[in-house]
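Here is a set of exercises to work through with the coordinates open in your viewer. Try each task yourself before you read its solution.

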Amino acid sequence: MNILIIYAHPSNKSFTYKVLQTLLKALNMSNHQVEVSDLHKMKFQSDMTEEEYDREGFAKIELPLFEDVIAEHRKIDWADCIVFLYPVWWSDCPAKMKGWFDRVYSAGYAYGYNQNGEKVIKMKQIKLGLVICTAGHPNDFLKETGIAGSMRNVMLDDRLGVRFEKKEMIILGGTLELEKVANSHLEKIMNIGMNMDEFCETLKK
Ligand SMILES: Cc1cc2nc3c(=O)[nH]c(=O)nc-3n(C[C@H](O)[C@H](O)[C@H](O)COP(=O)(O)O)c2cc1C
């Protein structure tokens with residue numbers, strides 16, 4: 001598969017970076033084609049400018065898009081699978097990644113209608129959308145408080161939505177006590193990365 005990883009973490013000393021390295025190792029070993037949008041390294045502009053808002057806010061799809069947004073569209077067009085990898089910050093993805101959705105999911109590409117009210121979506125439906133996030137709280141706590149459910153609703157049902165045929169969210173929780181969870185989390189990611197096609201097959205549409 002052609003796999004695009006959208007990655008947001010500012011530090012290479014982080015556990016989330018270790019997860020990225022493990023995933024890359026596994027995917028390379030299983031002969032997938034991989035491209036990474038490392039949003040911090042790219043200094044990806046996550047704030048929408050006024051000029052962009054004038055286009056997006058009023059769905060003026062005839063107005064031009066910024067080059068960095070077009071570059072992300074090209075990567076999406078190439079991908080069979082997109083992995084979103086990030087730490088949970090205040091019960092959501094970091095602002096850097098949220099800004100990726102704000103700007104890259106542009107009107108006329110990821111959603112929108114023309115003047116005749118017809119749907120205009122250029123983005124193809126992608127086979128698999130996989131969200132992997134690290135979290136300080138344990139998974140049980142995130143589940144019991146409803147936070148895990150909210151994160152799934154927002155990421156999978158809304159942001160990934162109908163643009164992906166199959167979707168899954170993996171929460172690697174409990175990182176406040178990292179030594180207790182690190183090995184099993186990295187093992188899990190290694191297994192998924194080594195068996196990406198099979199993993200995709202097991203998911204419901
Ligand atoms: C600004 C900030 C906000 C955070 N908010 C949450 C949160 O809402 N829920 C949670 O479980 N963990 C939260 N954490 C903990 C991170 O999710 C956790 O440290 C990270 O996933 C794993 O560590 P890493 O930064 O070494 O990759 C937060 C951490 C930071 C720095």
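Predicted model: local features only at pLDDT ≥ 70, side-chain atom pairs only at ≥ 80, totals over all residues.

Residues are numbered from 1 along each chain as its sequence is written.

**Exercise 1. The sheet**

Task: find the order of the strands in the sheet and the sense of their pairing.

Solution. Start with the terms: strands (E, at least two residues) and helices (H or I, at least four) are DSSP runs numbered from the N terminus. Two strands pair if DSSP finds at least two bridges between them.

Step 1. Five strands make an open sheet, ordered β2-β1-β3-β4-β5, with parallel pairing. At the edges are β2 (33–38) and β5, each pairing on one side only. From one strand to the next, the twist averages 15°.

Step 2. Now walk through the pairs. β1 and β2 run parallel and are joined by six bridges; here Leu-4 stands opposite Glu-35 in β2. The parallel pair β1 and β3 has five bridges, and Tyr-7 is opposite Leu-85 in β3. Seven bridges link β3 to β4, again in parallel, with Val-83 facing Leu-130 in β4.

Step 3. Residues are in contact if their C-beta atoms, placed from the backbone, lie within 7 Å. Axes are lines fitted to C-alpha atoms, for helices over the stretch in contact, and angles run from 0 to 180 degrees between N-to-C directions. α1 packs on the sheet and touches β1, β2, β3, β4 and β5, its direction making about 155° with that of β3. α6 lies across β4 and β5, at about 155° to β5.

**Exercise 2. The core**

Task: which residues of the largest nonpolar core touch the most other members?

Solution. Two definitions come first. A residue is buried if 20 or more other C-beta atoms lie within 10 Å of its own, exposed if 12 or fewer, and partly exposed in between. A nonpolar core is a set of buried Ala, Val, Leu, Ile, Met, Phe, Trp, Tyr and Cys residues joined through C-beta atoms within 7 Å.

Step 1. The largest core has 42 residues, and Ile-82, Val-83, Leu-85 and Ile-132 touch the most other members. Elements supplying at least two residues each include β1 (2–7), α1 (15–29), β3 (81–87) and β4 (126–134).

Step 2. Look at Val-83: leaving out residues up to four places away in sequence, Val-83 touches Ile-3, Ile-5, Leu-130 and Ile-132.

Step 3. Check how covered the strands are. Five of the six residues of β1 are buried, and in β3 seven of seven are. Both faces of β3 are covered, with Cys-81, Val-83, Leu-85 and Pro-87 on one side and Ile-82, Phe-84 and Tyr-86 on the other.

**Exercise 3. Loop residues**

Task: are Asn-31 and Phe-58 buried or exposed?

Solution. Step 1. Asn-31 is in the loop between α1 and β2 and counts as exposed, because it has 7 C-beta neighbours inside 10 Å. Asn-31 also has a positive phi of about 60°, although it is not a glycine.

Step 1. Phe-58 belongs to the loop between α2 (50–56) and α3 (67–78). Phe-58 is exposed, with 10 other C-beta atoms within 10 Å.

Key: Contact = placed C-beta atoms within 7 Å.
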